[in-house]
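Hi,

Here is the structure I promised to send over. Have a look at it first, and then read my notes below.

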Amino acid sequence: MQELRNLFSLMVGSKRKYVDPSRAVEILKDAFKSSESQQQDVSEFTHKLLDWLEDAFQMKAEEDREGEKPKNPMVELFYGRFLAVGVLEGKKFENTEMFGQYPLQVNGFKDLHECLEAAMIEGEIESLHSAENSARSGQEHWFTELPPVLTFELSRFEFNQTLGRPEKIHNKLEFSSMLYMDRYMDRNREITRIKREEIRRLKEHLMLLQQRLERYLSYGSGPKRFPLADVLQYAMEFASSKPVCTSPVEDIDSTAPPGGTTGQQLSPPSTAELDPLPPVESSGSASGPTTANTAAQQQRVPIHKPFTQSRLPPDLPMHPAPRHITDEELKVLEGCLQRWRSEVEHDTRDLQGSINRIHRTIELMYSDKSMMQVPYRLHAVLVHEGQANAGHYWAYIYDPHQLCWMKYNDISVTKSSWEELVRDSFGGYRNASAYCLMYINDKKPFLIEEEFDKETGQILSGMDKLPPDLKQYARKDNELFDKEVEEWDVLQVRKAQQEKLALAAAAAASAASSISTSSSSPQPMSIESSPPDNTVPQQEPEYMEQPSPTNDSKHLQEDTERAISRAAAEHEERSPEALLNASPPPPSSSQPEVQVCTPSAPPPPDLVTEGEAPGQRTVEVAIPNVGTFLIESEEGGYDDEAMMTPNMQGVIMAIGKSSSVYEKNGPETAFFKAIKLEYARLLRFAQEDTPPENDYRLQHVIVYFIQNQAPKKILERTLLTQFADRNLAFDERCKSIMNVARAKLDLIKPEEVNMDEYEMWHQAYRNFRETTIFMMTGLELFQKTNYMEALMYLIYSYQYNKELLSKGQYRGHDEELLGHYRRECLLKLNEQAAAMFESGEEPEVTTGLGIMNELVVLCIPLLLIHETERDLLAVEDMRNRWCSYLGQEMEPSLQEKLTDFLPKLLDCSTEIKSFHDPPKLPSYSTLELSERFGRVMAAVGRVPTDGR
């Protein structure tokens, strides 16, 4: 009991994101352990928990009582009483019983009231112990006292005797958010019995009316039955039909006679040919045909016509119609049939009206104010998904302060809606359904109202709600949590210091190696975090351990000496270090700016030499987050766009931060420092939880590789390639480090890095960028309401993105977001096409059906193949929209087009038919793509993506 109090106090006042319930759970497991050690379902556990808490509160109440009857809060909150009134073997009885969770059967009932009616009345049952079997037994339940929290246990499990195992009942059971319990109260016993009797009588009458209506709607004595009004209409249409006769010869295509001859002209049949049977002699002998007949047969051989032996009689009408009927007979018959049909339709309408009125009367039977005095409002619904032997549980609880439903699903607590609750709780649709309903007395608002301080009148929240002992317990736990956080912070600082020490030691070792020019290689800087002192460093790749070639080392040393001499001679503000570490000027826009110096704005004189070659140029570059540079480079040796990429910005910043190492220990040590700094920055980006509009994967390929757990050697080669970019040759320090990176790339052996795997990872990244462009373009067009153009981009982006996500969670974009806009685009097109069809104008109708046939119908299998709930609902909505036209009057041409179109729309096949080619994509620079994608996603963020 105390452990539960501690647990609930932490849930109210703890600073932690979640609390650990392990101690309370272990105690409950020991307390509820059965001798059979079998798993109990939630209903059994809840029963035992309530009983256990009731006993615990009762013991506490008896300890604290002072001469008065002890109060048990569990009993007062969750327990009520009912009166059992009945007859047992002819003897009347009345018993008062207490109940907690009230059990209700689900099978065979459509809503909660039907379940309650069946549970409250156990009909008359013949007593098995009666001598003459004449006495009957039965009972009724009447609530005498309802608890503030009324809990209904829905029995959704039954034992299958044939299979010998329990099975779950998935039948649909509806329940309302407001439940009036007046009809089940003992004080309303008499009026409820009267109303029940009236309902019983109405239902009997309703059954008779439905049987009579069925005779009109299913008329006939054979296996097939039809509405009587339709039968009379068909009879009238038959009687008024006129026979139309044609010659059988006209029914045969004369251009293609039997035998395959097409050029032979057939002569008209002779008189003998029109008679299908040869004439018979009067003597009855059929053995000797006449000479004339023989001659006729010889004539008919060249133009043999097989159809003349089996053709239809010449007077057979083209469609069913009376052979002989006079105008007077037809007039009488039509008058009778029309009168009978009118009478049948009138009787059918009267029966349907009576049935509807009885339904309405039954629904309103308990709607008078006297029977709406005990309101209970739905507060919580416990849901189970799965089968009898396994499944998943979650709950919906109403938040009266936010006025919305909250879904409690394991560690996830999210806002929900009544529609989602209904879908998950009623049953009949999926394997999910409610097994427990909790209603609270709507006339006792103190159950959900906020608590107020008696002295100040302010609302109590958090720790203020707790009694002194639990408040102290929660404070101690918060102090312990603060201490844990502080220790964790200290640990992180210690780890950072260890990394700095390891970095300094590596730099010192590299400097010593370069000064002594020994053959031993400098200690490399791994692109991974330095291991703690008590761990063994991981083995680095050989090409990172090997020193640069001798000629390169000499060249690098010369470059270093020239850079140091120049740095000493030049002014402090114009040194390479100052340029690299300069704070960026306030940008006028987010776009990077590249300016070529003109004669009106010449470069500083000390950066222009007299002997400058005519092929060189001086460029002023403003790089966001880095600074502004005046760069001298040969024509064609500098790529403006490449210098603007986020990758290049990061490399330049890393080289700037390693300037002190460069001055002291040379370019190779500075290279390791810079590459470690850049990797640490990218690793931080990969671990950040950023909004979709700031997707670092689009800016840095290495972030994409890190998140998708690419091999370490792929990461290293990619990072080396970025440091070896020729555009870094704009000053001595960057050029020296670039040469080190190129030397490391040359040292890589084929067996160290699998180039096929390397290309595969970069191809995967190109696919990701391509999918992003499809997605971005589709969303832009959707926002501009260009749904026809947007659909193809959204369809292909969804398909490509699904393929990417099948290989890893971070290989693509949000599938739910893409699915939402793909679905909404189809719904918008469906609405446009339906509106065009409704206009009735021929061009509009043709265009609308073209949209459906060429776009929407082709995409429906894509929504059906994965069977997601929202996609299935969207397809159902689109089909319902077009099926609603079937009962409407329209022009015959429209009706014909609708009849031809509907089978295509209603085709349930998931086979993907021929589809359009993917649209061609423009090329975007890295900076342009990331900025444009960010703008689109920022706009999309304001659109609800929770689907329908």
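This is a predicted model: local features need pLDDT of at least 70, side-chain atom pairs count only at pLDDT 80 or more; totals for chains, interfaces and linings use all residues.

Let's start with H813. You'll find H813 in the loop between helix 25 (787-805) and helix 26 (815-839). Is H813 buried or exposed? Buried means under 20% relative accessible area, and H813 comes in at 7%, so it counts as buried. Its side chain makes a polar contact of 2.7 Å with the side chain of T772. Leaving out residues up to four places away in sequence, H813 touches D695, R697, F768, T772, M775, N801, L805 and F933.

Q373 also sits in a loop, this one between helix 10 (327-363) and strand 10 (375-387). With a relative accessible area of 40%, Q373 is partly exposed. What does the side chain of Q373 reach? The backbone oxygen of K369, at 2.5 Å. Beyond four places in sequence, Q373 touches D182 and K443. One more thing to check on your screen: Q373 and M181 are 192 residues apart along the chain, yet 8.1 Å separates their C-alpha atoms.

Now the nonpolar cores. The largest one has 102 residues, and the members touching the most others are F671, F705, F723, L791 and W882. Take F705 if you want to click through one of them: again not counting residues up to four places away in sequence, F705 touches A710, I714, L715, T718, W761, H762 and Y765. Another core lies apart from the largest one; this other core has 36 residues, including L104, L112, L421 and A434.

Last, the empty space. Rolling a probe the size of a water molecule over the atoms shows where such space is left. How many cavities of 30 Å³ or more are there? The count comes to 1, and the largest cavity has a volume of about 30 Å³. Its lining is made up of M1, E3, L4, A24, I27, L28 and W52. Helix 1 (2-13) and helix 2 (22-31) are the elements giving two or more residues to that lining, and helix 2 gives the most, with 3 residues. By type, the lining residues of the largest cavity split into 6 nonpolar, no polar and 1 charged.

Cheers

Note on methods: Residues are numbered from 1 along each chain as its sequence is written. Side-chain values use heavy atoms; hydrogens and water are left out. On a 1 Å grid over the protein atoms alone, a cavity is a set of points where a 1.4 Å probe fits but cannot get out, and a pocket is an open set with protein on both sides within 12 Å along at least five of seven lines; lining residues have an atom within 4 Å of a point. Grid points are joined across faces, edges and corners, and a volume is the space filled by probe spheres set on the points. Helices (H or I, at least four residues) and strands (E, at least two) are DSSP runs, numbered from the N terminus. Ala, Val, Leu, Ile, Met, Phe, Trp, Tyr, Cys and Pro count as nonpolar, Asp, Glu, Lys and Arg as charged, and the others, Gly among them, as polar. Buried means under 20% relative accessible area, exposed over 50%, partly exposed in between (1.4 Å probe, protein chains only). A polar contact is a pair of N or O atoms within 3.5 Å; within protein, one must be able to donate a hydrogen and the other to accept it, and residues adjacent in sequence count only if both atoms are side-chain atoms. Contact means heavy atoms within 4.5 Å. A nonpolar core is a set of buried Ala, Val, Leu, Ile, Met, Phe, Trp, Tyr and Cys residues joined through side-chain atoms within 4.5 Å.
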